[in-house]
Amino acid sequence: MNTVVLPDEVKPVMQNGVPAIVATCSADGIPNATLISQVYYVDRTHIALSFQFFNKTIRNVRENPQACVALNDLQSNTKWILDVQYDHSETEGPIFDEMDMQIEAIASATGMSGIFKLRAADIYRVESCRKLGATTASSGSS
Amino acid sequence: MATQSLESLAEKLAQKTAEVEVLRHIASSINSTLDLDQIYRLVLGTMDEFFGFRHSIILLLEDTDTLRIVASHGYEDQPLGGTVIVGTGVIGTVAKRRRLMRVHNLGRQRAYFSTIRTQMEEAGRTSELSEVGPVPGLADPESQIAIPLMIKDKLIGVFSVESREPRSFSDDQETLVSIVANQAAAAIQNALLYRAAEERRSELAEAHEGLRQLSETLEHRVHARTRELEEANRELRETQAQLVQSSKMASLGMLAAGIAHEINTPIGAIHSNADVERRAIRVIRDVLEASALAKNLRDDPRLTRAFRIFDDMNRVTLEATERVIEVIQSLKSFARLDAPDLELADLHEGLDNTLTLINHLTKDRIKVVKDYGELPKVQCYASQINQAFANLLTNAVQAIKETGTINIATRQDGAYAVIKIADSGAGIKPEHLDRIFDPRFTTKGLRVGLGLGLSITYRIIENHHGSINVQSEPGRGTIFTIRLPISRSA
Amino acid sequence: MIPGKILAFLEDKGTVGVSGTRDRNLVPHIHYVSGWSVEPDRRAIRCSIAEPYTDHLMSSLDDNGQFSLTIEQIGSHETYQFKGDYIGSASLTDSDLAAHERSRERFAKVVNQVFGFPEDICRAYILRPSVVVRFTVREIFLQTPGPGAGQRLFPPEEKQ
């Protein structure tokens with residue numbers, strides 16, 4: 001099991017509001033790539049994705065915990081590729097509360113309180129982290 | 001490199017020191033005032049001046065589900081008075097969860113959710129959507145920090161700062177906002193409590209004044225009511241006395257009628273017999289005078305004396321029976337038992353009948369002088385008027401201790417009959433004059449019926465739309481003057 | 001065959017594309033797409049990928065041939081995912097470059113509008129491709145966030 005420490009510079013990229021990409025693979029080997037609105041920074045070795053609807057991504061990681069996350073930093077023209085492993089789901093606690101609160105705030109402001117409800121915060125362990133720029137490529141430290 | 005690091009550290013230290021100083025200044029300033037508006041200005045103004053938070057709002061919890069904006073800074077159209085429903089939007093969610101929230105890229109997040117909303121509307125799933133009301137604050141915020149204002153576990157409001165920049169607020173800024181919000185919460189709570197205490201004090205003072213005025217009003221009312229009750233009581237007693245008196249008079253009248261009837265017959269017989277006896281004696285005298293045989297008898301002194309005794313006795317008997325007959329007539333006339341209620345009555349006859357009835361009180365002691373003028377008959381309740389005369393004449397008699405005079409004068413004065421009854425009795429003290437018609441007033445002790453006579457007289461005259469007044473001087477006697485309308489239509 | 005509406009979307013509306021593969025260990029990989037076009041038979045799609053994003057691409061495709069392509073229109077969030085079987089790689093043609101230019105221009109304009117970034121920076125974000133991947137579309141899914149997300153559009157889902 002490989003775990004890397006996320007560089008400090010990746011945290012604001014997670015919060016820049018540009019959609020990220022998550023790729024998963026089912027147990028029978030079919031890849032799935034989808035865009036998501038937000039990746040949450042948990043700590044230096046973990047990220048979280050919101051589980052609101054039981055979609056393909058959620059189903060896949062429960063069959064096959066391996067996933068790939070791509071973060072877009074338009075400002076500096078870079079991308080961050082994170083190889084992650086689904087670790088567990090949280091339905092309470094500070095991470096869940098923060099995600100839930102944010103979803104509730106925006107959903108209630110747009111009249112969709114009943115539609116968006118956080119079922120769980122899926123916690124992923126970061127196994128690798130590399131930065132892809134126009135001219136450079138660097139990786140995180142283990 | 002080391003120098004640069006040191007410089008950088010020194011710079012950071014200086015910045016932190018400045019921040020701490022500002023925080024200390026804020027704390028000191030807002031805790032030195034109990035004026036809410038001043039607290040708001042200090043907090044919001046300082047946050048902008050020193051930390052660059054250009055758009056900020058303070059909301060207070062108005063009831064369990066509404067927050068109201070009480071202060072704002074940096075908004076073109078001040079959203080004072082605007083409300084946020086607890087649980088709606090960033091501010092409402094912070095109030096509901098009672099946790100700080102820092103959000104970025106609000107515009108993009110809102111756009112994402114709005115896209116989904118549009119799709120749901122197009123898919124006909126509008127029933128699952130709720131209405132979105134206007135949100136106070138910036139129309140297009142991108143970043144926001146909202147923090148609940150808490151006093152222990154109690155939420156009193158929310159403090160919010162906004163920015164149009166997507167990633168305005170750092171961890172440090174979040175910490176600053178938290179510190180200021182905590183200080184502000186305590187200061188606002190103190191000011192609210194102070195204001196509530198002042199309002200309460202003012203309310204109590206108003207209530208106290210109200211009570212004082214009410215108490216005064218009540219006292220007046222009680223006094224007025226007491227007077228009313230006393231007056232009503234007096235009237236009741238007068239009416240009761242009058243009723244009693246009328247009842248008595250009615251009973252007396254009936255009694256008088258009964259007595260008169262019973263006495264009339266034997267008295268009539270006695271009177272008639274005495275007359276017959278007188279005529280019989282005359283016959284005996286005539287026979288003796290004409291008879292030569294009775295010449296010796298006529299000059300017999302024993303016979304002469306016997307005739308004389310018989311003449312005297314017979315005369316007394318006739319006078320006595322005539323007197324009794326007269327009294328009975330007066331009594332019947334006084335009671336007016338067989339007369340209609342309202343009638344044209346001869347007041348002189350009433351006065352004379354009354355005098356007859358009290359003759360036993362005036363005889364040999366009090367001289368009654370009558371000065372009757374020309375009086376037409378007066379429309380009145382004769383029995384009541386006679387009662388009034390009786391009360392006044394009885395009082396006059398009782399006022400004269402040894403010997404004295406009662407003067408009765410009558411005259412017509414326009415539409416009125418005027419009757420004056422004057423006595424040469426003890427007179428009435430000046431301090432009693434105002435009260436003599438009061439049913440409770442008496443100088444005769446507590447005998448039943450006494451003290452009511454003049455008040456009844458007053459009431460009788462009043463009922464006849466007349467008037468009665470009194471003039472008196474101690475030691476010089478009393479004059480009662482009655483004015484009665486001759487006709488009730490006068 | 002790819003339905004006409006989706007064809008039109010690919011041609012005129014799609015602004016950003018990403019692809020996914022998986023290796024022999026079922027580890028998924030992301031490959032940014034620089035451009036795409038539908039082949040005349042309307043069953044296969046060509047998508048071009050730039051060099052920095054080709055890690056694990058060929059090895060995964062050679063291993064199992066599984067490929068997914070997701071195209072989104074930024075702004076409306078209209079999104080489709082195409083899952084299919086790798087046909088083979090190809091050299092870059094003028095047509096591929098033209099497709100790349102078109103999608104890059106669209107991307108630059110809309111990102112500038114939506115996110116406010118300068119167009120030239122946005123344009124630089126979509127790198128010139130170096131390789132073309134061809135795959136036959138097996139399934140098309142609606143990925144637009146909302147009520148129908150995850151619904152299979154092609155072949156149509158059986159009504160239950």
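Predicted model: local features only at pLDDT ≥ 70, side-chain atom pairs only at ≥ 80, totals over all residues.
1. Six strands form an open sheet in the order E3-E2-E1-E6-E5-E4 (chain B), with antiparallel pairing; strands are DSSP runs of E with at least two residues, helices are runs of H or I with at least four, both numbered from the N terminus, and two strands pair if DSSP finds at least two bridges between them. Strand E3 (83–85) and strand E4 (101–103) of chain B are at the edges with a single partner strand each, so one side of each has no neighbour in the sheet. On average, neighbouring strands are turned by 25 degrees against each other, direction ignored.

2. Within that sheet, strand E1 (residues 55–63) and strand E6 (residues 154–163) of chain B pair in the antiparallel sense over six bridges. B:Ile57 is opposite B:Ser160 in E6(B). Helix H3 (residues 89–97) of chain B packs on the sheet and touches E1, E2, E3, E4, E5 and E6 of chain B; its direction makes about 30 degrees with that of E5(B). Axes here are lines fitted to C-alpha atoms, for helices over the stretch in contact, and angles run from 0 to 180 degrees between N-to-C directions. Contact requires C-beta atoms, placed from the backbone, within 7 Å.

3. The axes of helix H8 (residues 347–357) and helix H10 (residues 382–399) of chain B come within 9 Å and cross at roughly 50 degrees. That makes H8(B) oblique to H10(B) (under 35 degrees is roughly parallel, over 145 roughly antiparallel, 65 to 115 roughly perpendicular, the rest oblique). Residues of the contact include B:Leu351 and B:Leu355 of H8(B), and B:Phe389 and B:Leu393 of H10(B). They divide into eight nonpolar, four polar and no charged (Ala, Val, Leu, Ile, Met, Phe, Trp, Tyr, Cys and Pro are nonpolar; Asp, Glu, Lys and Arg charged; the others, Gly among them, polar).

4. Chain A has three helices and eight strands, following the pattern α-β-β-β-β-α-β-β-α-β-β along the sequence.

5. Finally, the contact between the chains takes 19 residues from chain A and 28 residues from chain B. On the chain A side, helix H3 (residues 94–109) gives the largest share, eight residues. That side divides into eight nonpolar, ten polar and one charged.

6. A word on conventions: residues are numbered from 1 along each chain as its sequence is written, and chains are lettered from A and ligands numbered from 1 in the order in which they are written. Local features need pLDDT of at least 70 and side-chain atom pairs count only at pLDDT 80 or more, while totals for chains, interfaces and linings use all residues.

Methods:
Contact = placed C-beta atoms within 7 Å.
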